[in-house]
Amino acid sequence: MNIYQQRRNQFLASIEQDAVVILVGNTEKVRNKNILFPFRQDHDFYYLTGYAEPDAVAVLRPNSDQPFVMFNQPKDEFQEVWFAARAGQQGAIEQYGADAAFDIAALHQELPRLLGHRKHIYLSDEQGRFHEHIFHWLDGQRKQAKFDEPKIFKQLHSALPYIQQKRRVKDEHEIALIRQAVDASVVAHQAVMRATKPGITENELAALFMQQASVFGCQDVGYPSIVAAGNNACCLHYSQNTARLKDGELLLIDAGADYQYYTADITRTYPVNGQFSTPQKELYQVVLNALEAGISKVKPGASWGDIYPAAMRELAIGLHDLKVIDASVDEIFEKSLFQQYSLHKTGHWLGLDVHDVGSYHDEHGQWVELEKNMIFTIEPGLYFPESCMNVQKHFRGMGIRLEDDILVTDTGHENLSISLPRTISQIETFMQT
C-alpha cells in the first residue's frame with residue numbers, strides 16, 4: 001500500500017492545510033433482476049486508495065493525526081457466504097492503511113466531525129452519489145454554530161484536476177502493470193492471428209483473445225473488444241462481433257487486456273486468409289507509414305501536437321499516390337482532405353482508463369510537452385466503407401487501423417507492443433507458419 005500512501009501524501013501536500021478531500025467510490029449496478037454487473041471501482045478513488053470493494057468513501061485531511069479515514073461495508077458473515085469477502089473496518093486499517101474506519105452507514109453522522117472547522121472541501125463523486133448532500137455538509141457547521149461561535153464558510157472544489165493531471169505521468173508501479181497488460185495482449189493477439197481463417201466468427205476470436213489474456217492473470221479486457229471483418233471495420237467502435245469471416249476480407253481487431261485495473265490497447269489489421277491482395281497491401285502500407293511517422297516524433301520535450309500532423313502527412317502522401325484524392329499532397333494535408341477517410345485523432349493517454357484522463361493542453365491552451373513515463377497510443381487509420389462511391393472499387397469495404405502502445409523514455413520512446421507482427425511480411429510469415 002506504500003504507493004497509494006505516497007500518492008495521498010503528494011495530493012495533501014499540494015492543497016490547503018485546512019482542507020478535506022472526499023473521495024466517493026462506486027456502487028454495484030443491477031444487470032437484470034438479482035444479477036449484478038461485475039464491479040469496477042471508480043478509478044480516481046482506486047488511484048489514491050487501492051481499494052476495490054463497492055460502497056466506500058475515503059476522507060483525506062492534511063495536517064491531521066488521522067489523515068486517511070475510510071467508510072466501507074462492515075464484515076457480514078451471511079453476505080460473505082453468499083457473495084464476496086469484505087475487508088471491513090479492521091481490514092481497511094490493516095490492509096489498506098486507513099488511520100480510522102467506519103461503517104458506511106455512519107457516513108452522515110461522522111462526516112461533519114471530520115469536516116470540522118476546515119474551510120476547503122475537495123470532492124470526487126463522478127456518479128453523483130452525494131450531490132444532493134454536499135451543500136448540507138458544507139453548511140452544517142455554519143448553521144449549527146451558536147450566534148457567538150465561529151462560523152466557517154466552506155468552499156467546494158473538485159478534486160479531479162489534481163488527480164487526473166497526476167495520472168497523466170505514470171510511476172514505476174503503473175508502468176509494470178501496463179507492461180503486463182501489453183504482454184498479455186500481444187500473446188492474445190498472436191493467438192487470434194493464428195486462429196483467423198475463413199468461416200470462423202468474430203465472437204470466437206474475441207473469446208479466444210480473453211482466454212489467452214487470462215493466462216497472464218488478466219480478468220477482463222479494458223474495453224469491449226472490436227473484432228471487425230470486412231466492412232465492419234469501417235465502424236470505429238464496432239463491438240457486435242457476430243459476423244462470420246470470409247475469404248479475401250481483412251480483419252481489424254482492436255483489443256486490450258486489463259491487468260489489475262490497467263489496460264493495454266492494441267490494434268492490428270490483417271487478411272483473413274493470411275495473404276494480402278495488392279490493393280490491401282497498398283492501403284495497409286500507407287497506414288503503417290503513418291503509424292511509424294507518428295511514433296518517430298515521440299521524445300521528452302516534444303509536443304503532443306507533433307504526432308498527428310506527422311501521421312496525417314503520410315496519409316496525404318498515400319491518398320495522393322493511390323489516386324484516391326485528386327489533389328496535391330500539400331493540398332490534401334493543408335485542407336485536411338484526408339479527414340473524410342480518417343475520422344479520428346491518432347492517439348490518447350493510456351492507463352487506468354483506455355482513454356485515460358489528463359488534459360492534452362497546458363494552462364495556456366498549448367499542446368502539452370511529452371514527459372518521461374507518459375504512456376499513450378498512436379493509431380492512424382483509413383476507412384473506405386462499401387457505400388463510399390468516391391474511391392476505387394477495389395478499396396471499398398476496407399477499414400485499416402494500426403495501434404501501438406508507446407512509453408516516453410529518458411531520451412526517446414519505447415514501443416511496448418512492437419513484438420506483435422505489423423509489417424506486411426511479418427504478418428504473412430506469422431500467419432503461414
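Helices (H or I, at least four residues) and strands (E, at least two) are DSSP runs, numbered from the N terminus. Hello everyone, and with that in hand, let's walk through this structure.

A word on where it comes from. This is a predicted model, in which local features need pLDDT of at least 70 and side-chain atom pairs count only at pLDDT 80 or more, while totals for chains, interfaces and linings use all residues. Residues are numbered from 1 along each chain as its sequence is written, and side-chain values use heavy atoms, with hydrogens and water left out.

First, the overall picture. The protein chain has 13 helices and 19 strands. Its C-alpha atoms fill a box of roughly 85 × 55 × 40 Å, taken along the principal axes. The chain has 433 residues, and 54% of them count as buried; buried means under 20% relative accessible area, exposed over 50%, and partly exposed in between, with a 1.4 Å probe and protein chains only. Now contacts, meaning heavy atoms within 4.5 Å. Among those with a separation of 6 or more, 69% are between residues 24 or more positions apart.

Buried in α1 are Ile3, Tyr4, Arg7, Arg8, Phe11 and Leu12.

Next, a pair of helices. The axes of α8 (residues 172–195) and α9 (residues 202–214) come within 8 Å and cross at roughly 140 degrees. Here axes are lines fitted to C-alpha atoms, for helices over the stretch in contact, and angles run from 0 to 180 degrees between N-to-C directions. On the α8 side, the contact is made by Ala184, Ser185, Val187, Ala188, His189, Ala191, Val192 and Ala195, and on the α9 side by Leu205, Leu208, Phe209, Gln212 and Ala213.

On to helix α11, residues 307–321. It has 15 residues and reaches 22 Å, close to the 21 Å expected. Its buried residues include Ile307, Tyr308, Met312 and Leu319, and what covers the buried residues of α11 includes α10 (278–296), α12, β15 and β16 (381–384). Just after α11, Lys323 takes a positive phi of about 60 degrees.

Strand β16 holds Phe384. Is Phe384 buried or exposed? It is buried, because its relative accessibility is 0%.

Last stop: the loop between α12 (329–334) and β15 (375–378), where we find Asp356. Asp356 is buried, because its relative accessible area is 5%. Which side chain does Asp356 join in a polar contact? The partner is Arg167, at 2.7 Å; a polar contact is a pair of N or O atoms within 3.5 Å, where within protein one must be able to donate a hydrogen and the other to accept it, and residues adjacent in sequence count only if both atoms are side-chain atoms.

Asn373 is found in the loop between α12 and β15 too, and Asn373 is buried at 13%. Beyond four places in sequence, Asn373 touches Val169, Lys170, Glu172, Ile175, Leu407 and Val408.

Conventions
Expected span 1.5 Å × (residues − 1).
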